[in-house]
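Here is a short briefing on salt bridges. Please have the sequence and the model open while you read.

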Amino acid sequence: MSRLKTLACNECGVPPLGAGHSLCQGCGIPLVVRTVLDSIAGPKVVVSATGCLEVATTRFPTTAWNVPWMHVAFENSAAVAAGAESAYRALRRRRTLDGDDITFVVFAGDGGTYDIGMQALSGALERGHRFIFCCYDNEAYMNTGVQRSGATPFGASTTTSPSGKVGLGKMQERKDMTAIAVAHHVPYVAQAVASHWDDLSRKAEKAAAANGPAFLNVLSDCPVGWGHEPREFKRILDAAVETRFWPLYEVDHGAFKLTYEPAERVPVERWLDGQKRFKHLLEPENGDLVRHIQRRIDEDWDALVARCS
């Protein structure tokens, strides 16, 4: 982790997110937050939407944060960051503030990004505010009971899209939130994963250097909601990348680039295996659903490769 140590942002050496939080064992969120913040030089202000991160890091009367931090609602984290950034730029223009430039960073789950917070995020991206919006995507509303979200994959079993005699999990395809951000023509958009920390670190650096809005969509596992042992964290996230379910790429000023390409086409069963939310899909009678998922992955991958080339 020497590279991250050289990028540590606090002169006193105190990490932006310290110990003492209550995030679950095996949760990918702390790794996402620490990697992103430790990769950005200079002072930072963090805006946190309601969600797992907010609940688990600020249990009254304690906090795990060592940087200026604001908690806001599910729906308005991007709007609050945009307002703070605008006020800061105005004060800088009036020369009433000096010192190193501040980077504004939003952290929100998929509920506060794909769904409830999408309107405010779209507005902030379209207006061109200089901030980084980082989604820690664990593919459901984990903080409130594992309800399906717009990020929940097709076929996944959740408390509101259960598998059983009546249904076979979520029957809608997940939103492509990364593509939605790209459609706003912002300077930098990237898709990353918690287990590939070096790739995520480099993308966070680029996001901080962008002269305008930047969006990071980071797949982050949830052992409770996904139904796997905490120790399986890295294997399962790596499987998402190796099966091409979750491609690692960036869009820098409109230019698409793959940042990691698996050596071979790995069947999607490797990603589904070991997660209770997908267990029903691996039953012999549901082979058509798995083939549908595989076909969709292959089509999306081929389309992405074409854009990158």
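A salt bridge here is a side-chain nitrogen of Lys or Arg within 4 Å of a carboxyl oxygen of Asp or Glu. The model is predicted. A search of the whole structure finds 18 salt bridges.

**Helix H8**
- Asp198 and Arg202 form a salt bridge, with the closest N and O atoms 3.1 Å apart.
- These two residues sit 4 residues apart in helix H8 (residues 197–209), so about one helical turn separates Asp198 from Arg202.
- Asp198 is partly exposed at 28% relative accessibility, and Arg202 is partly exposed at 45%.
- Lys203 and Asp199 also pair through their side chains in a salt bridge, at 2.8 Å from N to O.
- Lys203 and Asp199 are 4 residues apart in helix H8, so the separation is about one helical turn.
- Lys203 counts as buried, because its relative accessibility is 2% and buried means under 20%.
- Asp199 counts as buried too, at 14% relative accessibility.

**Helix H10**
- The side chains of Asp238 and Lys234 form a salt bridge, at 2.5 Å from N to O.
- Both residues lie in helix H10 (residues 233–242), 4 residues apart, about one turn of the helix.
- Lys234 is partly exposed, at 46% relative accessibility.

**Network**
- Salt bridges link Glu85, Arg89, Asp101 and Arg130 in a network.

Technical notes. Residues numbered from 1 in each chain as written. Predicted model: local features only at pLDDT ≥ 70, side-chain atom pairs only at ≥ 80, totals over all residues. Heavy atoms only, no water. Buried < 20%, exposed > 50% of the residue type's maximum accessible area, 1.4 Å probe, protein only.
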